Amino acid sequence: MSEDWRTGLVDRLRGLVRSADPDVVEDVKWRKPSNPDGVPAFSCDGLLCTVETYQDKVKVTMARGASLPDPAGLFNASLDAGTRRAIDLRQDDELDEQAFVALVREAIDLNRA
């Protein structure tokens, strides 16, 4: 991953996800020649989300997002998917950090239910 706005955003998202609960674990999945850094995947009593980097955006995919309340309207991608939902963040997008952490906590609660 090159040092650019995406790297800083991934680091910020990583901190937010991990701040949601002390039991959140980060793994790296799907390493391949075209993506040697792999994809950060976060779990807590089951998969919570992945954070993928694309040329024009960073995508946070919530594994069970379709089952999560989203009162702040963070989800803006994969809205028709049966199970997952995603948040696409482009360079100048603002993220409601408090709402994002609340969404991660909802995902944790769902995994623990």
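## Overall fold

The protein chain of this predicted model has a secondary structure of two helices and five strands, where helices (H or I, at least four residues) and strands (E, at least two) are DSSP runs numbered from the N terminus. Followed along the sequence, these elements give the pattern α-β-β-β-β-β-α. The radius of gyration, taken over C-alpha atoms, is 13 Å, close to the 13 Å that the globule rule gives for 113 residues, so the chain is as compact as a globular protein of that length; the rule itself is 2.2 Å times the number of residues to the power 0.38. Along its principal axes, the C-alpha trace spans about 35 × 25 × 25 Å.

Residues are numbered from 1 along each chain as its sequence is written. Because the model is predicted, local features need pLDDT of at least 70 and side-chain atom pairs count only at pLDDT 80 or more, while totals for chains, interfaces and linings use all residues, and side-chain values use heavy atoms, with hydrogens and water left out.

## Burial and the nonpolar core

Of the 113 residues, 41% count as buried, which here means under 20% relative accessible area, with exposed meaning over 50% and partly exposed in between (1.4 Å probe, protein chains only). The largest nonpolar core has 28 residues, and those with the most contacts inside it are L13, L48, V60, M62, I87 and F100. Such a core is a set of buried Ala, Val, Leu, Ile, Met, Phe, Trp, Tyr and Cys residues joined through side-chain atoms within 4.5 Å. At least two residues of this core come from each of helix 1 (5-19), strand 3 (47-53), strand 4 (58-62), strand 5 (85-89) and helix 2 (97-112), and helix 2 supplies the largest share, seven residues.

Leaving aside neighbours within four places in sequence, F100 is in contact (heavy atoms within 4.5 Å) with L13, L16, V17, V60, L74, I87 and L95.

Most residues other than glycine have a negative phi.

S78 lies in the loop between strand 4 and strand 5, and with a relative accessible area of 22% S78 is partly exposed.
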